[in-house]
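I am opening a notebook on a chain that is new to me, and I mean to look things up one at a time. The sequence and the structure come first.

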Amino acid sequence: MSNSHVEPGVDERAPEVGELTPPDRTLMGPGPSDVHPRVLKAMSTPLVGHLDPSFVEIMDEVQELLRYTFRTDNRWTIPVSGTGSASMEAAIGNLVEPGDTMLVPTNGYFGGRMRSMAERAGGEVVAVDAPWGEPLDPADVERAFDEHQPDVFGFVHAETSTGVRQPDVDELTDIAHAHDAFVIADCVTSLGGVEMRVDEWDVDAAYSGPQKCLSCPPGASPLTLNDRAMDKVLDREEPARSWYLDLSLLEGYWGDDRSYHHTAPITNVYALREALRLVAEEGIEERWARHREVASGLKAGLRDLDLEMNAPDEYWLPSLNAVRVPDGVDDAAVIEHLLDEYDLEIASGLGDLEGDIWRIGCMGHSARPKNVEYVLAALEDALAEQGY
Ligand SMILES: Cc1ncc(COP(=O)(O)O)c(C=O)c1O
């Protein structure tokens with residue numbers, strides 16, 4: 001007799017996994033940030049189909065809210081299914097054609113990722129240099145254009161690895177456009193928290209992630225392209241190498257047809273809609289101002305603790321505060337102390353700055369005076385533990 005029938009809950013081979021009880025952290029690292037309760041609530045809304053007429057309406061609303069947040073009228077404004085790297089690869093993998101040259105920055109970790117993606121897209125890659133911890137100098141960008149005549153230029157507006165904000169965006173786009181190139185801006189750590197004006201600053205394509213200044217879980221990532229950039233994408237001689245991220249195919253779903261391409265992550269789209277509704281309620285400029293004000297309080301408190309910021313004030317990035325680790329202090333021990341004793345997340349340095357800085361985020365719903373007070377008190381304690 002077969003013994004395949006097993007009583008529920010008594011299959012000895014079934015892994016015994018308890019209820020989900022993650023710790024209750026305060027997220028003040030480089031992302032994700034604390035998710036707003038309204039966004040969490042939106043995520044428990046029952047699903048409708050990804051082609052349901054009601055979902056099509058939700059898609060329109062998300063697109064409209066994204067345009068508001070990006071400060072653009074671009075028709076081509078969508079949430080890409082996937083994390084920030086997906087919207088990044090959608091921008092680079094569609095705009096860079098085999099044989100194109102892309103100019104990328106070397107002043108942080110994410111410029112390196114741009115390089116890898118452009119190479120995989122079949123592009124030649126050339127670089128414009130600046131040290132980690134400094135923005136690009138427009139004069140260097142101009143020189144790189146004169147030397148290499150790139151077709152596409154990518155820069156990181158808010159470099160999460162260094163805490164540096166790229167100023168002079170309109171100067172950079174002027175240089176690129178004078179050379180007939182397309183500009184891609186990485187706004188993963190700036191969208192919804194730090195001033196970014198896609199249309200006014202003439203950025204051709206910009207991408208972001210939801211889990212930073214939008215305080216939404218990762219999963220549906222903002223992307224916008226102007227008509228000029230989209231014309232290049234639609235005129236490609238050979239299709240983009242990724243089927244999933246091919247914008248000429250995604251147009252069928254997010255454009256006028258609304259026909260099946262893939263099953264959109266419905267819950268993430270709900271979440272993004274609510275997160276963007278919060279941006280619209282607050283007002284985008286007010287939100288930029290809140291990030292600046294709250295992070296200024298953090299910066300002042302860090303200085304009171306005799307800690308030094310990694311970026312000079314002119315390029316300081318309110319959403320990501322990179323702080324120098326003082327001599328003699330074990331950076332990892334401090335991070336561990338905050339996590340163990342305070343349920344508080346901050347992060348260590350990445351790449352060239354590993355061991356040299358802490359990265360303290362001040363993003364979205366996490367950008368509140370109460371969180372700043374908490375992080376400062378916890379840091380003071382952790383540093384005292386180390387005799388600092
Ligand atoms: C500046 C920047 N670009 C791209 C990414 C990639 O996003 P994700 O990790 O969501 O794929 C990140 C993530 O932290 C980032 O900070």
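This is a predicted model: local features need pLDDT of at least 70, side-chain atom pairs count only at pLDDT 80 or more; totals for chains, interfaces and linings use all residues.

I find domain 1 made up of 26–33 + 284–385, while domain 2 covers 37–281. Taking the centres over C-alpha atoms, I read a separation of 26 Å between domain 1 and domain 2. I then looked up who takes part in the contact, and I find 30 residues from domain 1 and 31 residues from domain 2.

Next entry: the sheet of seven strands. I followed its order as β2-β10-β9-β8-β5-β3-β4, and I record that this sheet is open and that its pairing is mixed. At the edges I find β2 (76–82) and β4 (124–128), and because each has a single partner strand, one side of each is left without a neighbour in the sheet. From one strand to the next, the twist averages 20°.

Within this sheet I looked at one pair in detail, strand β8 (residues 182–186) and strand β9 (residues 205–207), which run parallel and are joined by three bridges. Ala185 has Ala206 in β9 as its bridge partner.

Which strands does α4 touch as it packs on the sheet? I list β3 (101–105), β4, β5 (152–156), β8 and β9, and I note that the direction of α4 makes about 165° with that of β3. Helix α5 (residues 138–148) also packs on the sheet, where it touches β3, β4 and β5, and its direction makes about 150° with that of β4.

Next entry: two helices. I looked up helix α3 (residues 84–95) against helix α4 (residues 109–120), and their axes come within 10 Å and cross at roughly 50°. That angle is why I write α3 down as oblique to α4. The crossing in which α3 passes α4 is right-handed. On the α3 side I find Ser85, Met88, Glu89 and Ile92 making the contact, and on the α4 side Phe110, Arg113, Met114, Met117 and Ala118. Sorted by class, the contact of α3 with α4 has six nonpolar, one polar and two charged residues.

Last entry: the sheet of three strands. I find that it is open, with the order β11-β14-β13 and antiparallel pairing. Its edge strands, β11 (320–324) and β13 (347–348), each pair on one side only. Between β13 and strand β14 (residues 357–361), which run antiparallel, I note two bridges. Opposite Ala347 I find Arg359 in β14.

Conventions: Residues are numbered from 1 along each chain as its sequence is written. Side-chain values use heavy atoms; hydrogens and water are left out. Axes are lines fitted to C-alpha atoms, for helices over the stretch in contact, and angles run from 0 to 180 degrees between N-to-C directions. Helices (H or I, at least four residues) and strands (E, at least two) are DSSP runs, numbered from the N terminus. Angles under 35 degrees count as roughly parallel, over 145 as roughly antiparallel, 65 to 115 as roughly perpendicular and the rest as oblique. A crossing is left-handed if the near helix is turned anticlockwise from the far one by less than a right angle, and right-handed if clockwise. Contact means heavy atoms within 4.5 Å. Ala, Val, Leu, Ile, Met, Phe, Trp, Tyr, Cys and Pro count as nonpolar, Asp, Glu, Lys and Arg as charged, and the others, Gly among them, as polar. Two strands pair if DSSP finds at least two bridges between them. Domain bounds come from an automatic or database domain assignment.
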